[in-house]
Amino acid sequence: MPLLSELIRHLPVPPLSRSGSTDPEITGVVLDSRVAVPGSLFVALVGGSVDGHRYIPSAIQRGAAAAAGTRPASEFADLGVPYFQVADDRLSLAYLAAAFYGFPARQLTVIGVTGTDGKTTTSNLIYQIMQAAGIRTGMITTINAVIGDTALDTGFHVTTPESPDVQRYLAQMVAAGLTHVVLETTSHGLAQHRVAACDYDIGVVTNITHEHLDYHGSLEAYRAAKARLFIGLAETAPKPQGNPRLAILNADDDVYDYLRDLTPVRQIAYSLSAGAADLYAADIAYDASGIHFTAVGPGFQQPIFSPLVGAFNVSNCLAAIAATVLGLGVAPSQAAAGIAALMGVPGRMERLDMGQNFTAIVDFAHTPNALRRAIEAVRPMTSGRVLAVFGSAGLRDREKRRLMAEVSAELADLTYLTAEDPRTESLDEILAEMVGAACARGAVEGSTVFRIPDRGEAIRRAVQTAQPGDVVICCGKGHEQSMCFGEVEYPWDDRIALRAALAQHLGLPGPQMPRLPTTLS
């Protein structure tokens with residue numbers, strides 16, 4: 001086990017003050033006092049409503065051998081264990097965790113995937129291509145961490161996992177003999193330094209649209225957080241295996257020029273059409289089996305088939321091809337094989353078939369752009385109607401409520417507005433905002449737009465209303481396993497709820513509809 005002094009030596013800024021003179025062995029780096037064990041180094045984080053310094057005594061009671069925080073060491077002189085003051089709590093946490101695990105990212109080729117929509121799908125596409133190429137690759141996404149034959153759940157409501165978890169996963173990959181990792185990288189993960197010390201070699205962006213403005217404050221701040229991934233590529237130190245220091249940019253996205261001008265390393269651009277891009281799609285076609293196109297890049301034209309649906313997944317495939325074929329030298333034919341092997345991603349345009357005479361889909365679309373793309377993707381799948389079920393989260397970007405309701409009023413035939421993690425906000429007020437926005441765009445409440453607070457009942461109503469050939473698409477929750485009312489997470493899975501509604505509709509055995517606080521007794 002490393003000594004405390006060995007970990008401190010790797011901090012980007014030396015401690016500002018320190019109390020205690022011992023130099024204990026450290027058995028782990030934690031940010032939650034409840035998981036501290038003998039020998040832990042507890043790092044106190046200061047958040048919007050919680051000051052981690054209050055929990056230092058609790059961590060010590062559980063055996064923590066040292067503590068760190070942003071408050072002066074003079075305030076903690078009597079702890080009985082060493083305490084040191086850091087300039088940045090989250091950045092320090094990341095480097096202390098990386099040092100504890102021996103900076104595992106330096107032994108891996110790290111491919112980071114960021115963007116508003118499509119990060120998880122693109123990460124999985126890259127992973128499948130690497131598998132097809134025989135490259136020993138791990139993956140960390142908002143759904144799970146894949147290490148060899150093991151898949152570990154990364155949580156209920158998560159963005160990028162916290163830095164000690166990220167570093168632990170990377171260390172496990174190194175120990176398993178993996179050489180590459182695909183790391184889904186959110187704006188929160190970048191802004192909160194959860195992925196500091198990850199030493200990215202390739203950065204990939206899907207798109208940057210309206211999202212998380214509640215946290216970042218503005219679209220400018222949001223895109224600046226995303227840009228950190230690409231700016232940081234130049235800072236990655238040389239690795240024994242070499243590192244490409246390559247940025248994969250979407251030439252079709254509104255922020256392409258912004259990222260192109262900021263990124264200080266080599267760039268590859270991809271696009272849905274021929275032009276200035278290094279890689280583009282030709283002969284795009286859609287049918288019931290999925291998407292078909294030809295990937296055209298420097299010196300190759302590779303036919304591609306994917307079981308996924310929607311033009312946005314053509315872009316995701318191109319991003320994955322750019323990272324692997326143009327970035328890592330994978331053969332185009334291997335990329336095609338990997339893409340064809342990905343049958344789907346949990347909660348991403350996931351089709352559920354229990355024998356009904358209409359299409360039922362669960363998708364994670366929880367932004368205005370993602371909802372637009374999801375509805376546009378399913379429209380060609382039917383000559384009938386599109387019935388959309390979704391809500392908008394409480395204590396998050398409020399403008400999304402209006403924008404998403406407007407999108408559905410414009411593109412869907414029937415809209416069912418319902419609960420989606422209202423948290424401590426009034427669900428009735430959230431729904432009133434959304435209904436008002438939909439009606440302002442021509443929807444008629446009770447005819448084309450419906451407010452149904454209970455999500456299970458909203459899904460049931462949509463299923464009961466569906467006619468042969470229609471599409472019912474439940475958006476916003478995707479793979480997530482809970483829904484937050486107040487400060488309590490209640491078990492919830494849209495896929496279980498949709499199966500329950502379908503079973504009831506068809507008179508078949510099936511799961512029970514999950515119950516929420518809104519469920520009528």
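**Salt bridges and a buried strand**

Trainee: What does Asp51 pair with?
Mentor: Asp51 makes a salt bridge with Arg71, and their closest N and O atoms sit 3.3 Å apart. Asp51 is in the loop between β3 and α2 and Arg71 in the loop between β4 and β5, so the pair ties together parts 20 residues apart in sequence. Keep in mind that this is a predicted model.

Trainee: How many salt bridges does the structure hold?
Mentor: It holds 27. One of them joins Arg401 and Glu425, at 2.5 Å from N to O. Arg401 lies in helix α13 and Glu425 in the loop between β20 and α14, so that pair ties together parts 24 residues apart in sequence.

Trainee: Is Arg401 buried or exposed?
Mentor: Buried, with a relative accessible area of 0%. Glu425 is partly exposed at 25%. Salt bridges with shared partners join Arg398, Arg401, Glu425 and Glu433 into one network.

Trainee: Switching topic: why is strand β22 largely enclosed?
Mentor: Five of its five residues, 471-475, are buried, so the rest of the structure largely encloses β22. Val471, Ile473 and Cys475 are buried on one side, Val472 and Cys474 on the other.

Trainee: And which strands are joined to β22?
Mentor: Among them, β18 runs parallel to β22 and is joined to it by five bridges, with Asp363 partnering Cys475. Strand β19 is also parallel to β22, through four bridges, and there Leu387 stands opposite Val472.

Note on methods. Residues numbered from 1 in each chain as written. Predicted model: local features only at pLDDT ≥ 70, side-chain atom pairs only at ≥ 80, totals over all residues. Heavy atoms only, no water. Buried < 20%, exposed > 50% of the residue type's maximum accessible area, 1.4 Å probe, protein only. Helix = DSSP H or I, 4+ residues; strand = E, 2+ residues; numbered from the N terminus. Pairing = 2+ DSSP bridges. Salt bridge = Lys/Arg side-chain N within 4 Å of Asp/Glu carboxyl O.
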